[in-house]
Structures are given as C-alpha cells and as structure tokens.
Amino acid sequence: MVLSESEGAVLVDVEEVTYAYNRIRVLDGISLKIRTGDFLAIIGPNGSGKTTLIKIMLGLLKPQTGRIRLFEKTLGRFTDWGKIGYVPQKATHFDTVFPISVKEVVSLGLTAAGRGMSSKNKADVLVREALARVEMEEFLSHRIGTLSSGQQQRVFIARAIVSHPSILILDEPTTGVDAGMQERFFSILGKLHREENMTIVMITHEVGILDKHFNRVACLNQKLIYHGRHDEFCRSDEFKKMIADGKHVISHTH
Amino acid sequence: MKIKRFSYLIKSIGMVFLSLACVFGVQAKLRIVTSIFPLEEFAAAVVGERGDVSCLLPPGAEIHSWKPRPSDIVRLSGADLFIYNGAGLEPWMEDILRSLNRPRMKTLDAAAGMREFHAGHGHEGHGHGDIDPHVWLDFEYDQILVDRILDLVVELDPQGADGYRLRAAAYKAELADLDEFYRESLKSARGKTFIFGGHAAFGYLAERYGLRQMSLYGLSPNARPKPKQMAGITDFARKNNVKVIFFEQFVSPELARVIADEVGAEIRVLYPGANRTAAQVRERVSFLQLMRMNLENLCHGLIRE
Amino acid sequence: MGNMSFLTLIDPFIRYGFLQRALLAGLFIAVACAVLGVFLVLRGESMIGHGLAHTAFAGVALGLLLDMFPLGIALAVAIMAALLISRIKEGSGLSGDTGIAIFSSVGFALGIVIASLARGFNVDLFAYLFGEILAISPLEVWLSVSLALVVLMTIFLFYSRLVYMTFDRESARASGIRVDRLDALLTVLTAVTVVLGMKVVGIILVSALVVLPAAAGLQVASNFKKALMFAVLNATMSVGLGLLLSYHLDIPASGAVVLLSFLFFGILFVLRKARIFRSF
Ligand SMILES: [Zn+2]
C-alpha cells in the first residue's frame, strides 16, 4: 500500500511559520503538511531550524507568525495528545542516577493519553506490549540509567508509542547509537510504520540511510528547500547543488 | 561596632544641646534612666517631680531577650544616673557603657549587694557562680535599693534632699506593707508549692515566704525546657491533683497550657514585674499592684504535697 | 541499661499527651516532607524548602506581632512567596536558586524587623527557629495531620504527571502537561509542608527534613516508588527515634531528628559505594 502525495489525511499542518530566536531568523515562512502514511525525514544543516520546527509543531515554542493545526484542530484547541508520540533530542541525556525503572518510564507515556485510564492492569498490559514492540520486554524492571544509550532510546520510543499514537515524532534518535543498533532501530520503526500504519517523522542527519527507510524528505535551511518523495529528492537540483557546494546535508561532526 | 560609632555621634549632639541648656540657664531636671520597670518605679518614687525617670525596656518586651536600639543609646547618653539590674540581666550593658564613655554619669548596679544581703539573712550563700538576677522580687531588698537610689540622688541634687528623703521613706513603707501582706497571707496557706510554666524568676520571693517554685525554664526563658522536665512536672501535677498552672507574662503560655490540659488544670498569670504591657502602662499599673495581683493568683494555686 | 525494656522506652509516649501529639504531627509531616523532597531533590531544588522556611519566618513574626495564629499567617506568607518564586523563575532569567536565595534572606530580614517592631526579640520566636515539639497544641496536630494528608493526596492525584515532569520536562510538556502549573503546585505544597515542619524541627532545620530522607532514598532505589518508600522510611524513623532519643537523652528533638536522618543517609551512601547492594 503506497500512498501518493495528496491521499492521506493531514495530521500536522504547518502554515507560514516564522520563528526568530534573539532576532536571528531560524524559520522563514515554513509550510508543510504531514499526512497519514508518511515516513518523513527532516534534514538540513546545523541550526537550520529542524528541532525548532518540531517544537513549534508540538506547541513547545510559540512561532512569531503562522499557525499549526494538529488533527484538523488549531494547536490551542488540540487536547488529544495521546495521538502524538514524541522522542525528544537528547532524551537519553538524563541524570543516570534518576531512580526510575523502564516500566515507570514507559507508563509515563500514558499520562497524557490515559488521564481517565481506569485499570492499572490495562496500563500494565499496554506497557508490556509497548516494550515488546521495541524488543525490550526483558528490561521491564531495570533502572533506566543502567541501560546502554541504544537501549534507552528504544525505551523512549516505547514511551512514545505506548498510547498507540497515530504519529511518532523523533528528534535525532540515532545520535550516538552504533551501526548495528541503528539497523535494529530502523527495523523497529519500519515495523511500526508498516504493521501499525504509524506516521513517522524523524529529524536525522544520516543522509546515507535515506533511501532505505523513508518515503518522504523535507529539507530545511531556514526555508523549506524541498519537500517530497525521497527518490525524487535524490535526483533533484537542490540535492545536487548541496553536494556540489560541499555543504553536505550532514554537517554534524561526531 | 556600628552602635559604638553611632553613639559617639549622638553623644556629641547631646553635648551640644546640654551646653546650650546651660548657656540659657534652663534648670535641668535630674535625668534618670533605668533598665527595667521596678527600678524605674523606685527611682520615680524617690525623685517625684524633680526628676525625669524613664525605662529603657519598652512596654511588652521581655528583658532577657531584649537588646537596646540606637535610640535607647541616645537616651542613655543624656542621663545623669543610670540604674541597671546587673547580675547578667543586661548582657549588652557593659559594652554600651564603655562605648558611651561618660565617666561622670552615675551608675547603680542593683544586684550588687544581693549576695551580702542574702548571706546576712542566714541563707546558704551562693558562694560561687552566677547569682539569680531577679533581685526586685525580694521586697526587703527593694527597700535597701530605694535607700541606695536616695543616696545617689541626694548626691546629684543636694537641694532637693529633704523631699527625696520624705518620698523614699513613704515608698519604703509601702514596700514593707507589701512584704507584711505577703507574709501574713502565705503563713496561713496550706500549700507551699506552685508550678510555674515560665522561667525561675520567683526564687527570692519563694525563699522569703517559704514557698517552692517549680519552674519549667531556668533563670532565663531563653533555654528551652527539656521533654523530661515537662514530663516530670506533668507527673507531679497529676499526682498532686493540681488545679492551677501558672504562666509567665511575656513568655508564651503554650507550655503551661500543655501541662494544664494534660492534668485538667486552669492557667493563671504571674507577673515577674520586670516590665509591663502597653495596656498596663496606659492604666498606670504599679509594681506594687502587680505584686499584689501575683499574691492573689498564687493563693489560688498553691499545692499541698 | 539492662532492664530498660522497649516498653520503658516508649512509655512516655503512652503517658503524655504532648509527646503523643509531637509524634503524630511529626510522623505525618515527615511523610509529606520525604515525598515532596524526592521530587525537589531530583528537580535540583533542594534549597527551596530552606528558602520558604525563612520566608515563613516573616509570617511567624507578623503573627506574633498581631497576636494572631502565627502558624496560619506563616502559611499564608509562605504560599504567597512560593507563588512569587515560581513566577520569578519563569520570567526573570535568574538562574536556579538565585530567586530562592533572595526570597529566603528578604523573608528572614523582614522577620527580624517585624520582631523588633514587636518590641524585643520575642522568646516565642525561638520556638519557631529551633522547633518546639513540646508545645504542639491539639489544634496544630489536627492542622498538621490534615494538611499533610492534603499534600499527600495532591501528590497522589498528580503523581504520574509530576514524575513525568521531573524526569523529562520537555516530553511532559509535549504530551500536553501544564508544567508551569505543576511547578507552582509543587512549590505551594512545599510551602505548606515546610510551615508545618517548622514547629517540629524549626525553621533552621526543616529543609533537612525535606532533603535528607530524599537523598537517602535516591542512594539505593531502582525505581521511583522505591525511592519514595525509602525516603518515607528514613523520615518516619528519624522522627520517631529522634523524639525517643530526645526524651531519654535530654537533647533537642530537632537536632536528634536531623542527625538521625543524616545517619541513615550515611549508611545507605556507604552501602551503595561499597556496592553491598546495587539497587533495591
Ligand atoms: Zn527573668
């Protein structure tokens, strides 16, 4: 089942968003629609406003102009946060002595969705199931600080998907994760996308993995330079120009 | 340090006014400053209209925890005579007197002499250590204090000597009456012990009239009572079926009330007399009156062991 | 000491109402302090209890000046300060505990000035500075117990939102949690708890009751619930044993409670360092 451009319902609708931080323009008139079935990579150099855009979409930052609609509701009216799963950048940069178990971390994901969560058992089932989806069930009662960062990242994905969201947003989740782990990581996301029909948005800087996993690409550098199918992107002038300029989409140095 | 420097300034201003007063030939009244209220009353009783007597301790303050403020030092810098209690009741006093540096100001240490007085009355002398500073609660010693104030006042203002002597004698007679009244009232009392939820201020008074003071705090109310002490007093009160627990004016009645609640007693006030409330000042309640009220309350709460 | 049985140890707590009241109020306050403390320590706000207690001092002084229920006025002042502190944190750009430091010293200074207006540094003020477990009235016990229950119930009600916010503030916000309101709520609850704790261990030591049990819990716990449990255990044992020691050894209760809490913290710290148990 391949969805072509204008088929899926619009889950996130970004309209003419402008954002400046300390008078430095970070985003300039961004309009972007994210539709059901998208497996979208947001790419762009450092400081191109990728994280800022995500934060604006989630209502964490207030844009100077423009508006956001989530599930066809304006941001201010949107309350159904269980439909959106979010794994922030540096999610794994918490205090490692923080006394919280994997199970507790994942059940936090039900806080927003399940304010009326009636039974504790039901929550328990959801948590176990979410951990199974990221292949982490056996770590249920471990303290999260004792896990590797790849494992922690998967726990945070479990937290994001425990409420069975329609859309999962990840901000550079593979930073600092080794190649083997990364492969496993993408296979988990791919499964969520295929089998649960989950829309996935991910900020990434690993351009090499683009064609393997994503079906759409948004290239950002203050303005939205490109938004469309990833295969077309690779053939596009913008991409070639970027490569030619030596201004790689990858500008991170690790 | 700051207080010292400030007081120098104030002192010099005071001197200027003083010399102005001399130049213009104003007949200055005798200015007497005391630290606590009983000494103020004694001094006022002696000098009458010929002197201005004032008390440093403001209404409502508790002497053990009070410290003078700059304005008090100003007042002190203009005094001809400073009467203080001594025996550690005014720990700030020495520093301030030194910083005032007025060798010609007369001072009177009220507690000095208590040791000899006490020994002379056949009591076991407190040969060492601190003496109980609450000397004003011995009404015979108070008469000696009035005499000592009289001597100093006569020395400062010999012209008024006759009047001073008459007034001092009259006040001493009142003190003697008070002493006699206490002795008579308490002689017939069946109980001798009283539980005082304040500090041990009534030592001299108790000794004089054969009473036993059972107080919660020590000689100063600043050290908190210990739980065991509370328990001990509660046990005693329970065992002797005590009906009245006394609390101290200017010290929170909380602890007295706790014990009273524990044993089903009522609480009544005792006035240590070192100070008055603002209301008592307005109503001109005298030291002698406070002591008579104490006697009346005491008679309601003496315990027979 | 041989014939000093357990019964003789606890006997005074059976016989004297004032000790019972101290124990009852103390235990409830200890639980509230410990639970709040875990959140505060993890948020890096260990000093807020200290700050609010010092601000409450102004309220106590005002209450004593006006001769009105000092604990009530202290409560009102501390809650106002709590709301202001969280407001200041939002808008002023003052880092971390700078706002708290300002409030605590200004509050204390205000207290001293008001106390001097009350003509003399009133003896009663010492009871609040150093704690006065002997003078907890039945009304205060009732107030302490019910307010401690309110604090605990509020935390229970907002439990997962508070944990979420404490662990990962950004994700909590992104899931629609109003973290700014929860910040204010937590600060207000701290204000209430600290004012109640004042009577037991005093203004100067009440922050220890918030921080020490929590820090002890964080030494060994593998999950949040256990951290709370250890903190509560530490706090209640410190208060219970502290009062007992205070009575039998004739030492101030506040000091005994805090030192015991530190002792428990120290034991857990050493155990963790020695890896005797990795985590519970
Ligand atoms: Zn005294």
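This is a predicted model: local features need pLDDT of at least 70, side-chain atom pairs count only at pLDDT 80 or more; totals for chains, interfaces and linings use all residues.
Local features were taken only at pLDDT of at least 70 and side-chain atom pairs only at pLDDT 80 or more, whereas totals for chains, interfaces and linings use all residues. Residues are numbered from 1 along each chain as its sequence is written, chains are lettered from A and ligands numbered from 1 in the order in which they are written, and side-chain values use heavy atoms, with hydrogens and water left out.

Chain B contains 12 helices and 8 strands, assigned as DSSP runs (helices, H or I, at least four residues; strands, E, at least two) and numbered from the N terminus. Of its 305 residues, 53% are buried, that is, under 20% relative accessible area with a 1.4 Å probe and protein chains only. Among the contacts in chain B (heavy atoms within 4.5 Å) with a separation of 6 or more, 65% are between residues 24 or more positions apart.

The zinc ion has as protein donors the NE2 atoms of His64(B), His134(B) and His199(B), at 1.9 to 2.0 Å. Donors are N, O and S atoms within 2.8 Å of the metal (3.2 Å for Na, K and Ca); water is not among the atoms, so sites may look incomplete. Along the chain the donors are spaced as H-x69-H-x64-H. His64(B) lies in the loop between strand 2 (51–55) and helix 3 (70–77) of chain B, and His134(B), 70 residues apart from it, in the loop between helix 5 (114–120) and helix 6 (139–156), so that the pair links distant parts of the chain. His64(B) counts as buried because its relative accessibility is 15%; for His134(B) the value is 1%, and this residue therefore also counts as buried.

At the interface, 23 residues of chain C are in contact with 27 residues of chain B. The two chains bury about 2200 Å² between them, 54% of it on carbon and sulfur atoms; buried area is the accessible area (1.4 Å probe) lost on putting two parts together, summed over both. One salt bridge (a side-chain nitrogen of Lys or Arg within 4 Å of a carboxyl oxygen of Asp or Glu) crosses the interface. This salt bridge joins Asp235(B) and Arg15(C), with 3.8 Å between the closest N and O atoms. On the side of chain C that touches chain B, helix 2 (17–42), helix 6 (123–130) and helix 12 (224–249) of chain C each give two or more residues. Helix 6 of chain C gives the most, with 4 residues.

Note on methods. Buried means under 20% relative accessible area, exposed over 50%, partly exposed in between (1.4 Å probe, protein chains only).
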